[in-house]
Amino acid sequence: MKTEVLEDDPSEVETGIFCEKCNKWVNSFYTTQKDVDDTVYLLKASLQGIERNVKKKLLEELEAYKDWKMKKEVTEEGFALDGRAKNISGILITLKSNDISYEIEPPYPYEIPVYKKLWTEEVERLKAMNPGLNVTAEELNALK
Ligand SMILES: [Zn+2]
């Protein structure tokens, strides 16, 4: 088995069976560095002071997570879990998208995309059109 970083895109790798004698791949495929990363990351975050809906979503996400390779401890106050990069990336997206601070060891080297809250832009638009409107994105997010 061999895994080699691609020269033209260091976030991608070629991995598979490589014959040293013939100096060629016998059977291989392309994937991302993150997917072949065997590092076990320890992720911790506090759930205190977090908006109720965000906390509910996060707890549901943690609850739904079934991976025998991942150990987790979840309480109302916070959580700690360990897992491989590809397994914890969803949780990291939720944390970062909701501005929840967390600790991760060793440092997570991959990009974490941030998804804006569903209603934020829509509320700005509605408020611009209706100056008397008294509603927040949080209230509307709670409705979905
Ligand atoms: Zn060979």
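**View 1. Asn-23 in the loop between β2 and β3****.** In this predicted model, Asn-23 has 7 C-beta neighbours inside 10 Å and therefore counts as exposed, the cut-off for that class being 12 or fewer. The loop that holds Asn-23 runs between β2 (12-19) and β3 (24-32). Phi of Asn-23 is near 55 degrees, a positive value in a residue that is not glycine.

**View 2. The open sheet β1-β2-β3****.** Three strands form an open sheet in the order β1-β2-β3, and their pairing is antiparallel. Between β2 and β3 the antiparallel pairing extends over 8 bridges. For Glu-12, the bridge partner in β3 is Thr-32. In general, the strands of a sheet pair through backbone hydrogen bonds, in either a parallel or an antiparallel sense.

**View 3. Asp-99 in the loop between α3 and β7****.** Asp-99 lies in the loop that links α3 (85-97) to β7. Its phi is near 55 degrees, a positive value although the residue is not glycine. Asp-99 is exposed, because 10 other C-beta atoms lie within 10 Å and the class takes residues with 12 or fewer.

**View 4. The cis peptide bond from Glu-105 to Pro-106****.** Omega of this bond is near -10 degrees. Pro-106 belongs to the loop between β7 (102-105) and α4 (120-129).

Definitions and conventions: Residues are numbered from 1 along each chain as its sequence is written. This is a predicted model: local features need pLDDT of at least 70, side-chain atom pairs count only at pLDDT 80 or more; totals for chains, interfaces and linings use all residues. Helices (H or I, at least four residues) and strands (E, at least two) are DSSP runs, numbered from the N terminus. A residue is buried if 20 or more other C-beta atoms lie within 10 Å of its own, exposed if 12 or fewer, and partly exposed in between; C-beta atoms are placed from the backbone. Two strands pair if DSSP finds at least two bridges between them.
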